[in-house]
Amino acid sequence: MSRDLILGIESSCDDTAAAVVDADGKVLSSAIATQTAIHAEWGGVYPEFASRAHVESIIPTIAQALAEAKIEGRDLKAIGVTRGPGLIGPLLVGLNTAAGLGLGWNLPVIGINHLRGHLRSADLEQKRVRYPAIVLLVSGGHTFLARMESPGAIALLGSTRDDSVGEAYDKVGRMLGLEYPGGPKVDRLAATGAASFPFPRPLLGDGLEFSFSGLKSAVARQLERAPDAPPADIAASFVESCMTVLLTKCRRALTRFPSAALVIVGGVAASPQLRAGAKALSDELGVELCLPPLRWSTDNAAMIALATWDYLPLADPPRAVPQLNLAIGDY
Ligand code: KG4
Ligand code: ZN
């Protein structure tokens, strides 16, 4: 067995994930223990329960990833582990497990920024992203636009001033009585309604920054005024506002910074509405559209393993005391 394989570990929020990925982005295995059922009744992620569930799942999840890849720990070249941002308890479970395994297997352990993992996720199991690229990252915790000259050269163009779009989706889902995480359910409901409510389109005419808290409040106020408003029409109107803002900002970024590709990553990149809108926009502007396959849009460890390859030249070769480089994966 060649040693050109990396084990990625992700535990920043409510999924315990482990994956084995080669240097070309081929995913040999990906195991995820999801905690959705544990958090559903709280309407959001309950950090203490998340930490406890990670403690229970992390070793079985890693064992499953190694077994499915048909390798053992000593066949690996390195371990990459999410070092943040995220919930501190869940992060510590992943970091300490990775550190222990690295010491036991004599492997370098590299800390990876979770967002860098998302930014690299469009390269998993498909043709490589063409650079320079405009990247829209839309997740539960973050929303920003960046320009990437290469996998390692990332310049932030604009981010949200308040909530992320995923958070707005989840809160609107809760207002409509949908279980956490509301994002996919809001999209499905929206597809059956009409965008008949004129919700705001925050910062539409203004630069490359985002704001979603006002839109969230507008939905809440509308539901207070008219609790019997058809939920599907509320969802459709909310999604329409989000899409208009996200796609207008992508268009503006691509016009200001001509690029070869538009890349959209993070949990909300799973949205069929966003995928369809991005396809129309990229066709119109003549840029390549790079979307991760659905399973790599939401949190996973394959993206962490792939991002680890970018740092491997910085890690010392395995030696008596392996390098635990848990602080380098920033962007
Ligand atoms: O990237 P991710 O899995 O975790 C974070 O790093 O935050 O993103 C999770 C977010 C949640 O807000 C979830 O509701 C949203 O992604 N999401 C979606 C869809 N699938 C997941 N939002 C809209 N449409 C979807 N199909
Ligand atoms: Zn994420």
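In which pocket does ligand 1 sit? In this predicted model, ligand 1 sits in the largest pocket, and the elements that give two or more residues to the shell around it are helix H4 (114-120), helix H5 (165-175) and helix H6 (183-190).

We can now look at the residues themselves. Ligand 1 is surrounded by 20 residues, and the closest are Gly140, Asp170, Asp187, Gly267 and Asp299. When the residues of this shell are sorted by class, five are nonpolar, twelve are polar and three are charged.

Some of the contacts can be followed atom by atom. In the side chain of His118, an N or O atom is 3.1 Å from an oxygen atom of ligand 1, whereas Gly141 takes part through its backbone, where an N or O atom lies 3.2 Å from an oxygen atom of the ligand. Asp299, which is among the closest residues, has a polar backbone atom 2.9 Å from an oxygen atom of ligand 1. On its own, ligand 1 has 560 Å² of accessible area, and the protein covers 87% of this area.

The backbone also deserves a careful look. Most residues other than glycine have a negative phi, and most peptide bonds are trans. Against that background, the peptide bond that joins Gly84 and Pro85 is cis, with an omega of about -5°, and Pro85 is placed in the loop between strand S4 (78-84) and helix H3 (88-105). A cis peptide bond also runs from Tyr180 to Pro181, with omega near -5°, and Pro181 has its place in the loop between H5 and H6, two of the helices that give residues to the shell around ligand 1. Finally, Lys70, although it is not a glycine, has a positive phi of about 60°, and this residue is found in the loop between helix H2 (47-68) and S4.

Definitions and conventions: Residues are numbered from 1 along each chain as its sequence is written. Chains are lettered from A and ligands numbered from 1 in the order in which they are written. This is a predicted model: local features need pLDDT of at least 70, side-chain atom pairs count only at pLDDT 80 or more; totals for chains, interfaces and linings use all residues. Side-chain values use heavy atoms; hydrogens and water are left out. A residue is near a molecule or strand if one of its heavy atoms lies within 4 Å of it. A polar contact is a pair of N or O atoms within 3.5 Å; within protein, one must be able to donate a hydrogen and the other to accept it, and residues adjacent in sequence count only if both atoms are side-chain atoms. Accessible areas come from the Shrake-Rupley method with a 1.4 Å probe; for residues, only the protein chains shown count as cover. On a 1 Å grid over the protein atoms alone, a cavity is a set of points where a 1.4 Å probe fits but cannot get out, and a pocket is an open set with protein on both sides within 12 Å along at least five of seven lines; lining residues have an atom within 4 Å of a point. A molecule sits in a cavity or pocket if more than half of its atoms lie within 2 Å of its grid points. Helices (H or I, at least four residues) and strands (E, at least two) are DSSP runs, numbered from the N terminus. Ala, Val, Leu, Ile, Met, Phe, Trp, Tyr, Cys and Pro count as nonpolar, Asp, Glu, Lys and Arg as charged, and the others, Gly among them, as polar.
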